[in-house]
Amino acid sequence: MDNPKQVALAIADALLAGECSHIALMKNMSWVLGRKWPWIPSLCQKIEQHAGPHFYHYSRHEMAALILDDHGYSSAWRDGEKPQIKQYCLQPAIAPEKPAWLQALALPEFNNSADLAKHLNLTVNELAWFADQWRQDAQAAPQLGHYHYRWLEKASGGWRLLEIPKSRLRHIQRKILQQILNKVPPHAAAQAFQHGRSSISHATQHTGKRVVVRLDLKDFFTSIPGSRLHALFTKLGYPEKVAGTLARLCSNRTPTAIVKDKTRCPFAQVSSAHLLRSPHLPQGAATSPALANLCAYRLDIRLQALADSMQASYSRYADDLTFSGDEEFEQSLQRFIPQVATIVLEEGFVLNYKKTRIMRASTRQQVTGIVVNNHCNIKRSDFDTLKAILTNCLRHNPASQNREGHANFRAHLAGKLAYMRMINPARTAKLQTLFEQINWSDTPVMT
């Protein structure tokens, strides 16, 4: 092979079939190239830093791009040394054993569409029906598709499309979530959609810091294309056709009529209209939160490494990226945010610059609605508003305060109290006392 790209692809294939540890990478690369090149250790260190503990989020072309970008590797070709593949088999007689990390996940195995259909209690024809969201009749007549659609106005302006799968597809997606996706761990920085993690665990990591930086990913769900889901399921060990079917079961292409229904309105702003028309991750499907976290795995790895290099903390709550640190981090902000933007763009996402916030200790530092200046605390405005509502419920009657028409106003207020109690139990105790004194007996519950 006289082409550096072909050699890099061959190296990538060999590495992706093995382990991701530094020692295993060096051993495999030296074995494939037939000698221990002096640039192999630094290249393996870079690959390990980018890939983290697993390889499932990298394709062969992306891995090859890392190799091609390495200074030592490219210098060897420029100097005429031309690394060559010495031990590599394109079609091994025996299928390679699954990497240890993939075996440890113990995911259900499907060799073909028939296996997948059986696992989901479907016939092969039914599986094909639910996996075919690209058919022309669904585009022409949305009622023939697998989703219900509802436009929601964003608090910050613009519109968001909620894509709700119909009952049978919803049941299929829940099976995929429970039996496949929930077994694959996201990056430790991901705090949303995970058991044992929450907006509070996200905010806690940024308490008492000199500066807190909050950035927002634009159109987080819809910016994840169906092809990325296909690549993810392939990395989880599924054959190409099975991975494609799983990806189609978890993605959607919004009918043009639904998109035009809102974009025709002169007062509506739908920034993701072009993304909705292509296969994407639907906001409303049971599988979407877990898939979004897994598709952002590489993003989290790179942002965590960047934060570590500047002695900062990093965590992500869905599309909310939060960094915090002390004096060293504060001094690096001028170059830090452009670096974050570059990484975000390279990983297929875009920053919503309008929502960028730099919050220093002298101002109120707020993360996912929680004040984090000294410790996790409730916003004063939220506390005062709820206190006023509860006081008026006690003085007058609860029905007079249900201005938004909640079906079960008592449960609505109890939920707000429970959330505040998790943030600051001592402060919420005063509100709980008011709540318990209210006479709820004459409050109707709407059905």
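1. The rings of Trp37, Trp39, Tyr73 and Trp77 make up one aromatic cluster, where rings of Phe, Tyr and Trp (its six-membered ring) pair if their centres lie within 6.5 Å, with planes under 30 degrees apart taken as stacked, over 60 as edge-to-face and the rest as tilted. The charged end of Arg35 sits over the ring of Trp37, at 3.8 Å from its centre, a charge being placed over a ring if NZ of Lys or CZ of Arg is within 6 Å of the ring centre and within 35 degrees of the ring normal. Arg427 likewise lies over the face of Phe383, 4.3 Å from the ring centre.

2. This is a predicted model, in which local features need pLDDT of at least 70 and side-chain atom pairs count only at pLDDT 80 or more, whereas totals for chains, interfaces and linings use all residues. Residues are numbered from 1 along each chain as its sequence is written, and side-chain values use heavy atoms, with hydrogens and water left out.

3. The protein contains 22 helices and 8 strands, which are DSSP runs numbered from the N terminus (helices: H or I, at least four residues; strands: E, at least two). Of its 447 residues, 49% count as buried, that is, under 20% relative accessible area, with exposed meaning over 50% and partly exposed in between (1.4 Å probe, protein chains only). Among contacts (heavy atoms within 4.5 Å) with a separation of 6 or more, 70% join residues 24 or more positions apart.

4. At the N-terminal end, Asp70 caps α5 through a side-chain oxygen that lies 3.1 Å from the backbone nitrogen of Gly72, while just after α5 Gly80 takes a positive phi of about 85°.

5. Asp70 is also touched by Lys46, which is in contact with Leu66 and Asp69 as well, residues up to four places away in sequence not being counted. Lys46 belongs to helix α3 (residues 40–51), and a polar atom of its side chain lies 3.1 Å from the backbone oxygen of Leu66.

6. In the largest nonpolar core, which has 65 residues, Ile176, Ile180, Phe233, Tyr238 and Phe323 touch the most other members; such a core is a set of buried Ala, Val, Leu, Ile, Met, Phe, Trp, Tyr and Cys residues joined through side-chain atoms within 4.5 Å. Helix α19 (residues 333–346) gives the most to this core, with 7 residues. Apart from it lies another core, of 27 residues, including Ala10, Leu33, Trp39 and Ile67. Leaving aside neighbours within four places in sequence, Ile180 is in contact with Leu107, Pro108, Phe110, Lys175, Phe233, Leu236, Tyr238 and Leu246.

7. The count of aromatic pairs comes to 11. Phe323 and Phe336 form an edge-to-face pair, at 4.9 Å centre to centre and with 80° between the planes. Because Phe323 lies in strand β5 (residues 320–325) and Phe336 in helix α19, the pair ties together parts that are 13 residues apart in sequence. Both Phe323 and Phe336 are buried.

8. Leu276 lies in helix α15 (residues 273–276) and, at 1% relative accessibility, counts as buried. Leu276 and Thr222 are 54 residues apart in sequence, yet 6.5 Å apart in space, C-alpha to C-alpha.

Conventions:
Polar contact = N/O pair within 3.5 Å; in protein donor to acceptor, adjacent residues only side chain to side chain.
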